Amino acid sequence: MKSGSCLCGEVTCERDGKPEPAVACHYRRCRETSGHFRSATEIHRSRLRVTRDVGPRRYKSSGRARRGFCATRGSSLFREGFGNDRLAVAAGAIDGKTGLRSAEHIHVADKGDYHEIGDGLTRKDTM
(Lines give C-alpha, C1' and ligand atoms only; values in the text may rest on other atoms or scores of the structure.)
Protein backbone atom coordinates (compact mmCIF):
# COMPACT_ATOMS: atom_id res chain seq x y z
CA MET A 1 0.00 0.00 0.00
CA LYS A 2 1.38 3.42 -0.95
CA SER A 3 -0.11 6.75 0.13
CA GLY A 4 -0.09 10.20 -1.37
CA SER A 5 -1.49 13.63 -0.67
CA CYS A 6 -1.83 17.21 -1.74
CA LEU A 7 0.23 20.02 -0.20
CA CYS A 8 -2.15 20.72 2.69
CA GLY A 9 -3.28 17.14 3.32
CA GLU A 10 -6.97 17.75 2.58
CA VAL A 11 -6.84 15.17 -0.21
CA THR A 12 -5.12 11.93 0.66
CA CYS A 13 -5.19 8.69 -1.25
CA GLU A 14 -3.87 5.16 -1.22
CA ARG A 15 -3.02 2.79 -4.02
CA ASP A 16 -2.11 -0.83 -3.90
CA GLY A 17 -0.16 -2.95 -6.32
CA LYS A 18 3.06 -2.40 -8.19
CA PRO A 19 3.36 1.07 -9.76
CA GLU A 20 3.56 1.56 -13.51
CA PRO A 21 6.66 3.40 -14.77
CA ALA A 22 6.58 7.20 -14.62
CA VAL A 23 6.16 9.14 -17.85
CA ALA A 24 7.36 12.72 -18.30
CA CYS A 25 4.77 14.68 -20.27
CA HIS A 26 5.80 17.95 -21.93
CA TYR A 27 2.34 18.71 -23.36
CA ARG A 28 1.41 22.38 -23.10
CA ARG A 29 -1.51 21.75 -20.74
CA CYS A 30 0.63 19.59 -18.47
CA ARG A 31 3.24 22.34 -18.36
CA GLU A 32 0.58 24.94 -17.56
CA THR A 33 -0.79 22.74 -14.77
CA SER A 34 2.53 21.90 -13.16
CA GLY A 35 4.81 24.80 -14.08
CA HIS A 36 7.22 22.46 -15.88
CA PHE A 37 6.87 19.02 -17.44
CA ARG A 38 4.67 16.63 -15.50
CA SER A 39 5.86 13.25 -14.28
CA ALA A 40 3.02 10.80 -13.63
CA THR A 41 2.30 7.13 -13.20
CA GLU A 42 -0.86 5.48 -14.44
CA ILE A 43 -3.09 3.44 -12.20
CA HIS A 44 -6.50 1.86 -12.66
CA ARG A 45 -9.24 4.01 -11.14
CA SER A 46 -10.29 1.11 -8.88
CA ARG A 47 -6.80 1.03 -7.30
CA LEU A 48 -7.10 4.61 -6.01
CA ARG A 49 -8.91 5.06 -2.73
CA VAL A 50 -9.58 8.55 -1.31
CA THR A 51 -9.03 8.42 2.45
CA ARG A 52 -10.39 11.81 3.55
CA ASP A 53 -13.87 13.30 3.32
CA VAL A 54 -12.66 16.18 1.18
CA GLY A 55 -12.16 14.77 -2.30
CA PRO A 56 -10.37 16.41 -5.20
CA ARG A 57 -12.00 18.96 -7.48
CA ARG A 58 -12.00 18.26 -11.19
CA TYR A 59 -11.54 20.64 -14.09
CA LYS A 60 -12.38 19.74 -17.70
CA SER A 61 -9.16 20.85 -19.38
CA SER A 62 -9.99 19.56 -22.86
CA GLY A 63 -12.46 17.41 -24.76
CA ARG A 64 -10.32 14.40 -23.89
CA ALA A 65 -9.61 14.77 -20.17
CA ARG A 66 -10.09 16.52 -16.88
CA ARG A 67 -7.60 17.25 -14.13
CA GLY A 68 -7.96 16.63 -10.43
CA PHE A 69 -6.60 19.09 -7.90
CA CYS A 70 -6.92 20.09 -4.25
CA ALA A 71 -9.73 22.61 -3.85
CA THR A 72 -8.05 24.18 -0.80
CA ARG A 73 -4.46 24.83 -1.98
CA GLY A 74 -4.58 23.92 -5.68
CA SER A 75 -2.09 21.03 -5.76
CA SER A 76 -2.24 19.22 -9.09
CA LEU A 77 -2.97 15.55 -8.39
CA PHE A 78 -4.02 13.64 -11.50
CA ARG A 79 -5.29 13.62 -15.07
CA GLU A 80 -8.19 11.39 -16.05
CA GLY A 81 -9.08 10.70 -19.64
CA PHE A 82 -12.70 10.39 -20.65
CA GLY A 83 -13.74 6.91 -21.66
CA ASN A 84 -11.08 4.92 -19.85
CA ASP A 85 -10.47 3.60 -16.35
CA ARG A 86 -6.94 4.96 -15.84
CA LEU A 87 -5.67 7.95 -13.90
CA ALA A 88 -2.28 9.58 -14.45
CA VAL A 89 -1.31 10.36 -10.85
CA ALA A 90 1.33 13.05 -10.29
CA ALA A 91 4.55 11.37 -9.16
CA GLY A 92 5.24 14.30 -6.83
CA ALA A 93 2.00 13.65 -4.93
CA ILE A 94 3.19 10.20 -3.82
CA ASP A 95 4.58 10.23 -0.28
CA GLY A 96 8.14 9.11 0.52
CA LYS A 97 10.07 6.77 -1.71
CA THR A 98 7.85 6.05 -4.70
CA GLY A 99 9.50 3.00 -6.23
CA LEU A 100 8.93 4.64 -9.63
CA ARG A 101 11.33 4.62 -12.55
CA SER A 102 10.95 7.00 -15.46
CA ALA A 103 10.30 5.24 -18.77
CA GLU A 104 9.95 7.95 -21.43
CA HIS A 105 9.18 11.52 -22.41
CA ILE A 106 5.99 12.23 -24.36
CA HIS A 107 4.76 15.30 -26.25
CA VAL A 108 8.37 16.44 -26.64
CA ALA A 109 7.29 18.62 -29.58
CA ASP A 110 5.57 20.86 -26.97
CA LYS A 111 8.61 20.97 -24.65
CA GLY A 112 9.50 24.33 -23.15
CA ASP A 113 12.55 25.99 -24.67
CA TYR A 114 14.09 26.70 -21.25
CA HIS A 115 15.53 23.21 -20.63
CA GLU A 116 17.09 20.26 -22.40
CA ILE A 117 16.29 16.60 -21.94
CA GLY A 118 19.51 14.72 -21.29
CA ASP A 119 18.59 11.49 -19.54
CA GLY A 120 18.71 9.14 -22.54
CA LEU A 121 15.10 7.96 -22.18
CA THR A 122 12.85 7.37 -25.20
CA ARG A 123 11.31 10.55 -26.60
CA LYS A 124 8.02 10.80 -28.47
CA ASP A 125 6.92 14.00 -30.20
CA THR A 126 3.31 13.14 -29.38
CA MET A 127 1.75 10.40 -27.30
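Mentor: Strands (E, at least two residues) are DSSP runs numbered from the N terminus, and two strands pair if DSSP finds at least two bridges between them. This is a predicted model, in which local features need pLDDT of at least 70, side-chain atom pairs count only at pLDDT 80 or more, and totals for chains, interfaces and linings use all residues. Residues are numbered from 1 along each chain as its sequence is written, and side-chain values use heavy atoms, with hydrogens and water left out.

The part to look at is the sheet. Eight strands form an open sheet with mixed pairing, in the order β6-β7-β8-β9-β4-β3-β10-β11. β6 (57–60) and β11 (122–123) are at the edges with a single partner strand each, so one side of each has no neighbour in the sheet. Strand β3 (residues 22–25) runs antiparallel to strand β4 (residues 38–44), joined by four bridges; Ala22 has Thr41 of β4 as its bridge partner. Five bridges connect β4 to strand β9 (residues 86–90), again antiparallel, with Ala40 opposite Ala90.

Now the side chains. A salt bridge is a side-chain nitrogen of Lys or Arg within 4 Å of a carboxyl oxygen of Asp or Glu. Glu80 forms one with Arg45 (2.4 Å, N to O). Glu80 lies in β8 and Arg45 in the loop between β4 and β5 (48–50), so the pair ties together parts 35 residues apart in sequence. Glu80 also meets Arg58 (2.5 Å, N to O). Glu80 is buried, at 1% relative accessible area, where buried means under 20%, exposed over 50%, and partly exposed in between (1.4 Å probe, protein chains only). Arg58 is partly exposed at 42%.
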